[in-house]
Amino acid sequence: MYTSTGITLSLGALLATRATAQGYSLSVTYDVSNFFSSFDFFTDHDPTNGFVEYVDANTANSLNLTSTLTGSVIMGVDSTETNPANGRKSVRVTSQQSFNHGLFIADIAHMPGSVCGAWPAFWMVGPNWPSSGEIDIIEGVNTQTSDSITLHTSAGFSVSNDGSNSGTQLLGSDCEGNNGCSQTTSDNQNYGDGFNAINGGVYATEWTSDHIAVWFFPRTGIPSDISSENPNPSGWGTPLAQFNPADGSSIDDHFQNNQLVFDTTFCGDWAGNANVWNSNAECSALASTCQEYVANNPLAFVDAFWSVNSIKGYWPTEISQVQGLDSRADEM
Ligand SMILES: *[C@@H]1O[C@H](CO)[C@@H](O)[C@H](O)[C@H]1NC(C)=O
């Protein structure tokens, strides 16, 4: 990186010697102590047209769909009503705080199981969908057994998935609109029943100008620095899924002010899509439509709850790699 003579350092070379690595510092923690005062309940019509009635905080609490009694944040769905008039009751919550870049570490002990009719998701989304982007960190439908990780953006954003785990497949490189760009994963412990069988684990999402990457660590394999104030993804190995902007795409132009969201919906545009339902042998054997199944089988959804131990957000801090050069306010 130095010039061959070693006498004249160009500005470029000078900057190269001050190359910095990304580190992270803890900025926000959500857990039983503050979760329900930091997330708002969404009670509008489900934008994905699910057979669901998203209830408000008081209703959720009085029906015991939400709770903090177990020491983690519980968000469940109704499992008592047959033929609920407005759809099965559930909750969808959105963080009041919105984010630009960061590392988000979610310790989750349980998620809705791999059950016909359910469509659970843990995700991030910005205003004026899809122009501020959406990052689906945990998502799937029906009897799905491994996670689908997807970006949705406005036109003009495409990706490669170089750096993803070898079992992960990118379905399409263009992230525009409803289809988005999805990576399907192959680990049965990272979603649904398999996830719950091991008491879950940690999902870590890194969002920088350079990439969006998602790691999953089963509970017995969580890196020790995850619980520190300065976790460092560079030591975590290959992510479950990595999205790299391609063809001149810019993450910063397509992702802004994203909020964290948890929800469980039923049927709707994905889980209830006739092709999706009919091509699932297990589900289509139970009922001819998704809605018919969800309406008539409340007990199928006893296990359709999220149990979240914590979500922590970390902001980038520049760590100088040049010996003796402290991070200084005058650095680029
Ligand atoms: C409410 O839900 C919590 C968490 O699932 C559970 O521990 C508790 O027993 C429930 N309470 C009632 C009254 O059902």
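Let's start at Arg219, which comes out as partly exposed at 23% relative accessibility; here buried means under 20% relative accessible area, exposed means over 50%, and partly exposed is in between, using a 1.4 Å probe and protein chains only. Before going on, keep in mind that this is a predicted model, where local features need pLDDT of at least 70, side-chain atom pairs count only at pLDDT 80 or more, and totals for chains, interfaces and linings use all residues. Residues are numbered from 1 along each chain as its sequence is written, and side-chain values use heavy atoms, with hydrogens and water left out.

Back to Arg219: its side chain meets that of Asp107 in a salt bridge, 2.8 Å from N to O. The term covers a side-chain nitrogen of Lys or Arg within 4 Å of a carboxyl oxygen of Asp or Glu. This pair links distant parts of the chain, with Asp107 in strand β8 (residues 102–110) and Arg219 in the loop between β16 and β17, 112 residues apart. Strands (E, at least two residues) and helices (H or I, at least four) are DSSP runs, numbered from the N terminus.

The whole structure has four salt bridges. Another one joins Asp78 to Arg88, again at 2.8 Å from N to O. Asp78 sits in the loop between β5 (73–75) and β6 (88–90) and Arg88 in strand β6, so this contact ties together parts ten residues apart in sequence. Both Asp78 and Arg88 are buried. Lys89 is buried at 17%, while Glu81 is partly exposed at 28%.

Now for the rings. Phe, Tyr and Trp rings (the six-membered one for Trp) pair if their centres lie within 6.5 Å, and planes under 30 degrees apart are stacked, over 60 edge-to-face and the rest tilted. That gives 21 aromatic pairs. One of them is Phe157 with Phe255, edge-to-face at 5.6 Å centre to centre and 75° between the planes. Phe157 lies in the loop between β11 (148–152) and β12 (158–160), and Phe255 in the loop between α5 (251–254) and β18 (258–266), 98 residues apart. Phe157 is buried at 2%, and Phe255 is buried at 2% too.

Trp215 and Trp236 have ring centres 5.2 Å apart and planes at 90°, so they're also edge-to-face. Ring pairs also link Tyr30, Phe35, Phe36, Phe39, Phe41, Phe122, Phe262 and Trp306 into a cluster.
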